[in-house]
Every structure is written in C-alpha cells, then in structure tokens.
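Please read the following report with the sequence and the coordinates side by side.

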Amino acid sequence: MSRKRERQQDAAPGGGTPPLLGQPVTRRGFLKGASLGAAALYLTQLGCRGGEEGIRRVVAQPYLYGDWTDLYRQKWRWDKVTWGTHLIDCYPGSCLFRVYTKDGMVWREEQAGRYPEIEPGVPDMNPRGCQKGSCFSDVMYGPERLRYPLRRVGERGSGQWERISWKEALTDVADGILDALEEVGPESVIYELPPGNGGIVNGPLPGWRLSRLIGATVLDSNGMVGDFNVGLYETFGKFQFVSSIDDWFHADLILVWHMNPVYTRIPSVHFVYEARYHGTKVVNIAPDYNASSVHADLWVPVEPGSDAALALAMCRIIIDEGWVNREFVVEQTDLPLLVRLDTQRFLRQTDLAGEGEEARDDQFYVWDEASGGPAPAPRDTLRMNARPALEGRFAVTLASGEQVDVTPVFELLRERLADYTPERAASITGVRPSVIRRLARMVAEAKRVHILQGWNVNKYYHGDLMERSQALLLALTGNFGRKGTGMRGFNSAQLQVGTVVKDHAGIEGFIELADRALDVEEELLQEDPTLTEEMRAIGIEQAEAQRRVLFPYDVGPLTVPAAFYWYWHAGYKDVWDGHPDWSDPAMNRPLGEYLDEAVSKGWWEGVALPQKDRPPRVLLEVAVSTLRRTRGGYKVLREHLWPKLKLIVAVDVRMSSTARQADIVLPAAGFYEKTDFRFPVTDVNFLTFTEQAVKPVGQSKPEWEIFTLLARKIQERALARGVTKASDAAGREFPLDKLVERFTMHGAVRERDGDALAEDIVRDTVRVGALPERTTLKTFRKQGIVRFTGLGQTGGGLNLATDIKPDETVSPLRWHGERQVPYPTLTRRIQFYIDHDWFLEGDEALPRHKPNPQMGGSHPLRMTSGHLRWSIHSTWVANRLMLYTHRGGPFLMMCPEDAEARGLADNDEVRVYNDFDEFRVRIKLSPSVRPGQVIIYHAWEPYQYRNWKPYDTAIPGMIKWLHLAGGYGHLKFWRDNWQPQQADRAIAVEVEKAAGEGAV
C-alpha cells in the first residue's frame, strides 16, 4: 500500500479508506449545492456512461482504490489549487508553490514559477524551490506531526503523555505563568524567540506580543541561533545588508568563502553558474572539496579557522603592489584617521580643545597634506574637505601643551600586515604562496568582486576577525556599494510588522507608533543634529531595547541577548569560567569578570535579563527547540536549567526534542493550514504568501488563535486568583485585567482574525513605501508574491542603504558610495580600527589572525559543521522521503587516511569525544574531507543518536569575551545586533571505534 493511501486512511473518520470524492462511502457529498447536470459533465469525464441513470448508479456505489496505478492517475485530479510557501527559517527561502488539495487533504505541491525578470539581461529567479519544499505535504501528515494538546504524566523525557483538551492545557499554562509572576516576577517567564518559523501573522509573533504585555524575558533569536555577522557589524556598524541573489550575476569574480550554496542555496545557486557561463570567475575557499567546489574555476583548500591569515596576506600583496583603490579608501574608510602613538587611541576633539571649549569625543581627524596639519573628518558626510595622508608620522600639540606623535590607521595597518607574507600565511593556512598571490591578483584585477560568505564564518570563535579581514580585502579594492560587489549579512526588515510594537490596529495604531518614534527621534537630533535617517532609526530601536518607548504603557523588553541568561541561570558559568584554556589566551581574567564589568558599567542596561536574583520558572517556546539549537544544550540545560523550570511549554507542528522534554505540548497549524507570509528577505525581495488550503490537522490551531486564547485564560485565572497586575524589578507594572483588550489591539483582531492581522501588516508596509500602493491581501490571493519597492522605516530596513528600483537588482550600501552618506559606526566610516580598551588589550584593534582556541581540550581533530542538504534545520530531518535519499541518519564525514590510522571502516559506529562530553555516530569515509578535519552536518534531532546524545553534546558553547564590550559608539545592543553568540566550529575532538554497551 502506498504511503499516500496510508495517510488518507489515518486521516479518515474511523480509519477506513476514504472515497475519491466527497463524503465517506458514497459520492453524494460531492453533489451538495451543485446541479445534477454539472455533476453529469464531471462524471462523464471520469468515464461514466448511461445518462442520468448511470450517474445515479455510480454515485450510489462506494469507490475503492485499486492498485497504485489508480492512485497515480488520481494524483493529477484535485478539488482546488492555492498559493503556498514554507514558513521556515530557510535562507533565503521565499519560494512560491502551488498547493493541490483533494478530499480535504493536500496531495502535492509544485514550484509556481511566478517570478518576473527584474533587470533586462539578468536571469529571473525561477524556479524557486527544493526537494524539501516539494514534499512538505508528506511532513504535514507524518508520524511526528502534533495533532492534540498533550500533558506529561511521567518524568520529563519519559515519553509518557496524556491527551487533554485545549481548556485544560491553557488553564495549566496560565496558572504556571501566574505562579511565576507571583513567586519571582515577570522576568522569570522566558520566551525564546525563534528565527521566523511559522510565519509573520502567526509563528513567533503572537507569543512575542503576549510576552511583552506581561513583562516576560524575550531572548533574542539571532544571538541564540548564531546568525549574527559580528565582524560585519564591528566594521560597518550594521550587518543587515545583502544584495538580491540576481545581483550576483553582475560580479566578475565570486569568492564562495564559508558557504556551500549547492547544499544551502539550492533555488539560488543557479545565479552563480549562470554568471560563470557569462565569464565570471568562481573561486571556492573551503577546507573540504565540497559540492560547491566541483563547479568552481579554482578550489583553495584552507585550514579551518585560518581565513583571516589568507585574507590579510592578500591585503599585503595588494598594498605592496600598489593596487589599492585610494579614492575609495580615503572617502569610505577610517584608514586616513589619525591615531595617537602614545595611547593607541584615535586623536579626538577632546584631545585638542582648550579648557571650557565644547568638544566631542567622536570627532576625529586626518592629516591634511595641503595645510600640513590635522583637519577634522566631516561627520555629516563622507566627502573629505582635506587631502588626507595615508602614510607618515606627524607631531600634534594637545590642548595641554604636550606634543604627541600620530599616524593614520593605514600606516598601522601596513605595520600589522608585515607579519602576513604569503610564505608565513602559507604556514598557517596550508595554501601555497603562489596561490595566495594568484588570488590577490584576481581580486585586484576584477572590476566587481562579491564574497558569498554564509553563517559558517560567524560560528567560529574568531569569526569576527575573519570577516573584518575579508571586508578589508574588499575595501582596499573598492568593492562595496556597487552592483555585483560586497559581502552578505541578511535583511528581513522591509515588512512593517507592528504586532510587537503597536497598541491599536489600523491607521490609528500606525499614527500612534509613528508619533512615539518621532518623539524619540527629536531627542536624538537634539543631542546630535548630524545623525542620518539610518542612525536615527537605529537609535529608536536601541531606546526601545533599553527604555521600551514605543508603547503608551509598560511592556517587557523587545528582546534581550541570551548570554546573561546562559551565564547566570542555565549552567554556562561553570563552562565559560571553568575552562579558560578553551577561550582566547589574550583574556587576562576569567570571562565572568569581564561580564561583571560590562554590566556594572551600564553597557547592557535594561537588557541583562533575567537578573541574577530572578531565576527562570517558565520556558515558553514556539517553533523552536532550545535543546537542539543551544550549543551543548542537551547536556548543560537539562542539568542546570531544567530543574529550575516549573513549567516548560512547547508550541510546534512536530514533536521536537524540546517538546519531548516539556510539560505541555500544544499543536500548531502547519504551513498550508493558515493564511500567512513567509518572513521576507532582500535576497529575493518578494513578500511570499501562503493561504489556508485545508483545515488544521486534528485539533491544531494557528498561533494567533492559541495566544489569544491563552491571553484570555491568563486574564480569567488572574481575576479568579485576585491577581490584577505583575511588577518587575524596575517597578514596571503589567496589568493582567486588561490583557485581552491589549493583546487583541482593543478588540480589532480576535482569535480567528488572522486575515485581519495580515491585512494590517500589508497596509502598514504600504504606508511606509515598502510595498506598491493599493496592495492588499486580495493582491496576494491573486498573485502569490509582491516585490518590495522600498526599505521601510526600521533600523534594519534602512541598513540596506540603497534604493529599490523596479528594473534593477538590489545592491546594498549605494547611498554611502553614491551620496556619501556616513555609516552608523563610531567614526562614521567603514571602521577597521577599534580603539576600545578591551580590543586594545586583546590586540584586536586591527584585524589579525588568531588560532582556534582548543574548545573541548587538546585533541587532534577539528569538528566542523554546516547545514544539511536534506532538511531545513530539523523540520524534514525525520521525514522518510528525505531519509531515503541518504544514509538515513546522522553521520560523521572523515578522510580515509584518518580513519585508517584509527582502524575504522566506512559505516562503523564511532565514539566522538573530548574533555567536555561524547556522542556516538556512524562515519562516512570521503576523500573530499581534509586530514585532521571531521564534518557533521547539524539539524539531526537528539533522538536520532545513540542514547539521545547529539553532536552538540561535545560542543561547550564558548562565547568570545570581546563581544561583551560596550560603551563605545556602535558597540551597543539592539534587536538582532551586537551580542555574544556561541562558537561551534573547529571543536577539538578525537574519534575511536565504539565498543561495549550500546554499540551496534
């Protein structure tokens, strides 16, 4: 029996075989509301003969499927076709599908192919989709799908559940939250924000809104996932800039560097190869000969984590050979700015101003070759009035009368690069000097260079140094702010989602929000009239993070970095402080002392939550699995955090590993079971729509409905218990007797009004100019996709710093290059010199190479990772169709030489261990893997490993101490930005054959 037929039997009432059409047993249900003549035409097409009598005879008889051939024929008949997409954190995703429904079930889906040509001569984006999206209907009816509310009846993780009603489930959750509010305070309720799974109307946003209204702690998704490009942020004051994928086509040279697009960009990678067919050179820089290396002109095998040394050696060659784009360097970067040689800090206005004179600490200087003295670098434009020197040492007299020597950053850079000859870089990277020289020449000679770097680089401990070095390479050659150039972060901020910041729905709420934002903007402009629109938008988000200014009443934080929660409450204090040899040797103190200093100086004011004396009591998760995504979490969190939590709630479409360890599990509607949008990204620059094709499976519900019902239940139980408000440590009060009114935007969006919320989001986005005028939800029902026309008004949206044109690809940062608009860094330029005290202490004021710390102890192999080809995170990881396409479970890739030295053969079960922990897995031998490296692609669920111990168990999850720094220009937290994240690449391990108890 086919699996499609098995699924239908499972879904049919009583488990019997459903008919081909309409109601069980007969087809009379099909005729309901339709004329017999219309049915006659349809049945004649089915091969029915004999007029009305024949039709009645066929309708009256049951219809049973025969063999698989009948099922195959009926696959191409359906009741309706709807738009669909997959509400998952697949990057860039946004793939539009057609969803085919029959008998109330989704039978199949296929790529829609609706993307138009944008720029003449540039290929279109069709067809967007991959093998995972093309079988989601198999996942939505799979055995791991959640259908009913469940309550734990055994020990956590025992797998013993009882099915309960929604009323029971919501009552238990509401009482658990109220217990935490009364016992500890609202900070003890933890909402772990997912990266966008589940949609924009639904998914994480309803729980996020409710969490803010009760004052809960909302953990920032980007810091937890580890998708924050720290090095880009340090350099540009932002990382949310990215080109559209069709812009790759304009590049003359594409460096695929820390990305494997054949695995992770299946719908998008064709732009790389279409560019190659038109003459673009493609270079793949990676330790292993991966699937993307096959299609490159040059593969550069580099030791894991040595990329900064490679980039800096190329920078040295470019400078030594005179290939520097001086005009770009002088105008766009901080390399002309003067640094005092006595303090290693920038020369500032506060150094030169006399007593009583007004002076800014963020006014910097260049050496003007025309006047022979220091000249202020403009703060309101990148356009220089002086003729800045890039080299030389000069004497400057300070306000005190003291004379000090100063030099441009470029001069310090040359001194730093003296250590990075091609020969020395070769000893670090394993790349031959001749290849390094060849690469440098290729970069210098290309007119447009684009680096495709994914989120692999920022998961290295020193990933920021690698990104800063890559950015330096492109800046020296002028490869930012033009078509086909640059590096990539990400951007998902063009959509104006007011769910978490609006009080009222509609135009009223939009105006209220705009008025409050303008009040903050006026305060910022009074302090500094030279702030750009982008800087002001960032300032508003930073004010919201610290002071929560966008609601007319007290709310909880928008998001907070997870590092303090991990350190104070989740068990990572022992890991981070207890193993200084697993961190940067430049640390002169335990990490905890740096963290305490950062907090005491107010660098993380308002966001270092929950406080030490406010232990977590409730963990609420939506479409996320903290035990899978937190590095070392399955070990550390269960040992240290789980005993503190009195209630763990998981809202999901599937039984994840965290759901298995929870107390209450609530079933959420699937991607084709609700109306929603996939979170948009500039890479595709279309907002993609999914509409409800079928009713939710079992008793599952859309998240907006779930959290509306939960808000109502919290209010009901609070009133019954005589609790009218909750108060946090700062004295903020969160009324519980008004919770439903506030959650529903004063009654404008009820529990089943997801369409109304979707319409509100669309109309607000039109109001800020990011979608075409007159776009409504009806537009999406007709077209499925709509292209963005603008950036919106948030800080993240404006980080793109470009105009969206109807007939051009999207190229970020063009405002800076074409209009000389300053960057949102301390220096207002692309900043390579960071003179923060800690960065000076760590010798990271300028980019440099540092070896990987021995995370996990002194062991000979380095374990790296990446995204699976066969799943998007863990959603498809247990799907049978996908499991049939590979070995059917987790595996560790290893080179044959390393395996032979350990007496291992292909498919052996091995023990992978270090000083932190161990796990068991089978090995897959591959000559494409570098000696000394082992690769395990992540996303496997813990239950797919022996003893439920995943590979994350051997990852200690260290953070870099410098990322706790603050009190310095752009080094300040705001949503998705500037925060520590855990390292999980180049983990030190050893591998041996598994033996004894538990071995296969």
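The report below begins with the basis of the values and then moves through the model by topic.

This is a predicted model, in which local features need pLDDT of at least 70 and side-chain atom pairs count only at pLDDT 80 or more, whereas totals for chains, interfaces and linings use all residues. Residues are numbered from 1 along each chain as its sequence is written, and side-chain values use heavy atoms, with hydrogens and water left out.

## Domains

The protein is divided into domain 1, covering 328–415, and domain 2, covering 861–993; these bounds come from an automatic or database domain assignment. The centres of domain 1 and domain 2, taken over C-alpha atoms, are separated by 46 Å.

Phe394 is placed in strand S14 (residues 394–397), where strands (E, at least two residues) and helices (H or I, at least four) are DSSP runs numbered from the N terminus. With a relative accessibility of 16%, Phe394 counts as buried; here buried means under 20% relative accessible area, exposed means over 50%, and partly exposed lies in between, using a 1.4 Å probe and protein chains only. Although Phe394 and Tyr460 are 66 residues apart in sequence, their C-alpha atoms are 39 Å apart in space.

## Salt bridges

The structure holds 83 salt bridges, each being a side-chain nitrogen of Lys or Arg within 4 Å of a carboxyl oxygen of Asp or Glu. Three of them are set out here.

| Asp175 | Arg721 | 3.3 Å |

Asp175 is buried at 17% relative accessibility, while Arg721, with a relative accessible area of 29%, is partly exposed.

Glu523 counts as partly exposed at 39% relative accessibility, and Arg547 counts as partly exposed at 47%.

Glu759 and Arg763 lie within helix H29 (residues 754–767), where, being four residues apart, they are separated by about one helical turn. In this pair Glu759 is buried at 19% relative accessibility, whereas Arg763 is partly exposed at 39%. Elsewhere, salt bridges that share partners join Glu119, Lys483, Lys805, Glu808, Arg814 and Glu818 into one network.

## Cysteines

A disulfide is a covalent bond between the sulfur atoms of two cysteines. With a disulfide taken as a pair of cysteine sulfur atoms within 2.5 Å, the count comes to zero. Cys130 is buried, with a relative accessible area of 13%, and Cys135 is buried, with 6%.

## Strand pairing around S2

Strand S2 (residues 97–102) is mostly covered, since five of its six residues are buried. Strand S1 (residues 80–84) runs antiparallel to S2 and is joined to it by five bridges, two strands being paired if DSSP finds at least two bridges between them. Within this pairing, Lys80 stands opposite Thr101 in S2.

S2 also pairs in the antiparallel sense with strand S3 (residues 105–111), over six bridges, and the partner of Arg98 in S3 is Glu110. S2 and S3 form a hairpin with two residues between them, and Asp103 in the turn has a positive phi of about 55 degrees.

## Cavities

A search of the whole structure finds 10 cavities of 30 Å³ or more. On a 1 Å grid over the protein atoms alone, a cavity is a set of points where a 1.4 Å probe fits but cannot get out, and lining residues have an atom within 4 Å of a point. The second largest cavity holds about 240 Å³ of space, a volume being the space filled by probe spheres set on the points, which are joined across faces, edges and corners. This second largest cavity is lined by 19 residues, of which Cys90, Tyr91, Thr264, Arg265 and His867 lie nearest its centre.

How values were computed. 1 Å grid on protein atoms, 1.4 Å probe; cavity = no way out; pocket = protein on both sides within 12 Å on 5 of 7 lines; lining within 4 Å.
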